[in-house]
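Q: Got a model to go through with me. Can we start with a helix, then move on to a ligand?

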Amino acid sequence: MKREFAVIGLGRFGGSICRELSADGMDVLAIDIQEDKVKEFKNIAAHAVIADTTDENVLKELGVRNIDHVIVAIGDDIQASILSTLMLKELGIKKITVKAQNDHHEKVLNKIGADHVVHPERDMGKRIAHSIISTNILDHLELSDDHSIVEVKVGVKMDGKTLLDLDIRAQYGCNVVAIKEADEKGINVSPMATQEIEQDDILIVIGADKDISRFEKELV
Ligand code: ATP
Ligand code: ATP
Ligand code: CA
């Protein structure tokens with residue numbers, strides 16, 4: 001299904017979103033204030049225009065009002081990012097995703113009604129930090145400021161043990177919500193306490209960050 005998107009700001013982050021959406025066959029309106037950026041996307045996005053999105057009249061002329069989802073990927077110019085978001089909000093855009101440059105910027109964006117605020121440098125940093133702690137930590141997904149889901153590969157410490165042996169919930173306060181068995185294609189989403197886990201199985205674990213940290217240090 002084709003859906004209409006607009007990406008404002010064609011730097012590395014916005015540019016990457018624009019390329020990916022376009023490659024997936026989505027109809028993307030690519031916008032940047034700089035001519036050279038827009039030129040670069042002429043052959044990539046369905047539409048590419050030079051515009052300053054802090055100007056309400058410009059947004060109206062571009063017909064942005066009819067677009068389902070707008071991504072604001074203006075970075076350094078925080079004022080332009082906030083103003084653009086505010087204008088989009090006033091135009092009644094259904095879904096607005098905005099890249100935040102820092103925590104203060106994020107707070108303001110949430111206050112003015114951005115639907116989804118992303119912080120790619122910080123979040124990618126966190127994910128990489130976890131994968132540096134152990135090569136068996138495959139992924140890390142933040143649920144809130146202090147809760148996450150992690151995907152861990154079973155190493156020697158948990159090999160051949162059951163959830164009951166390891167007593168994970170009681171000892172670490174985390175829950176194993178699913179087990180992807182190494183030798184099977186399936187995923188078990190309601191693991192029994194007596195299920196034996198083996199090396200290279202993948203556990204999906206949910207919990208408070210401090211509990212997950214302890215689990216990672218001691219068992220992963
Ligand atoms: P990157 O994703 O490369 O890290 P960045 O976070 O450093 O980007 P900038 O390069 O500051 O962000 O901004 C991204 C893009 O947004 C730039 O190409 C810039 O020209 C564009 N931009 C800045 N202000 C506006 C504006 N008012 N209207 C439209 N585009 C703008
Ligand atoms: P609890 O009193 O902790 O709820 P329980 O009465 O549900 O335990 P079992 O389901 O047999 O008893 O589990 C025994 C122990 O095995 C749990 O206390 C927990 O530490 C561990 N365990 C079982 N299932 C999981 C799971 N999905 N994730 C993490 N640990 C588990
Ligand atoms: Ca940057």
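**Helix and ligand shell**

A: R12, E20 and A23 are exposed on the other side of α1, exposed being over 50% relative accessible area and buried under 20% (1.4 Å probe, protein chains only). This is a predicted model: local features need pLDDT of at least 70, side-chain atom pairs count only at pLDDT 80 or more, and totals for chains, interfaces and linings use all residues. Residues are numbered from 1 along each chain as its sequence is written, chains are lettered from A and ligands numbered from 1 in the order written, and side-chain values use heavy atoms, without hydrogens and water.

Q: Which residues of α1 are buried?
A: G14, G15, C18, L21 and S22. They sit on the same side of α1 because they cover an arc of only 135° around the axis, taken from the directions from the helix axis to the C-beta atoms.

Q: OK, ligand 2. Which residues are around it?
A: L163, L164, D167, I168, R169, A170, C174, N175, V176 and A193. Each has a heavy atom within 4 Å of the ligand.

Q: How do they divide into nonpolar, polar and charged?
A: The shell around ligand 2 has 7 nonpolar, 1 polar and 2 charged residues.

Q: What lies 2.7 Å from a nitrogen atom of ligand 2?
A: A backbone N or O atom of V176. An oxygen atom of ligand 2 is 2.7 Å from a side-chain N or O atom of D167. For the side chain of R169, an oxygen atom of ligand 2 is 2.9 Å from an N or O atom.

Q: Which element gives the largest share of that shell?
A: α8, with 3 residues.

How values were computed
Polar contact = N/O pair within 3.5 Å; in protein donor to acceptor, adjacent residues only side chain to side chain. Helix = DSSP H or I, 4+ residues; strand = E, 2+ residues; numbered from the N terminus. Nonpolar A, V, L, I, M, F, W, Y, C, P; charged D, E, K, R; others polar.
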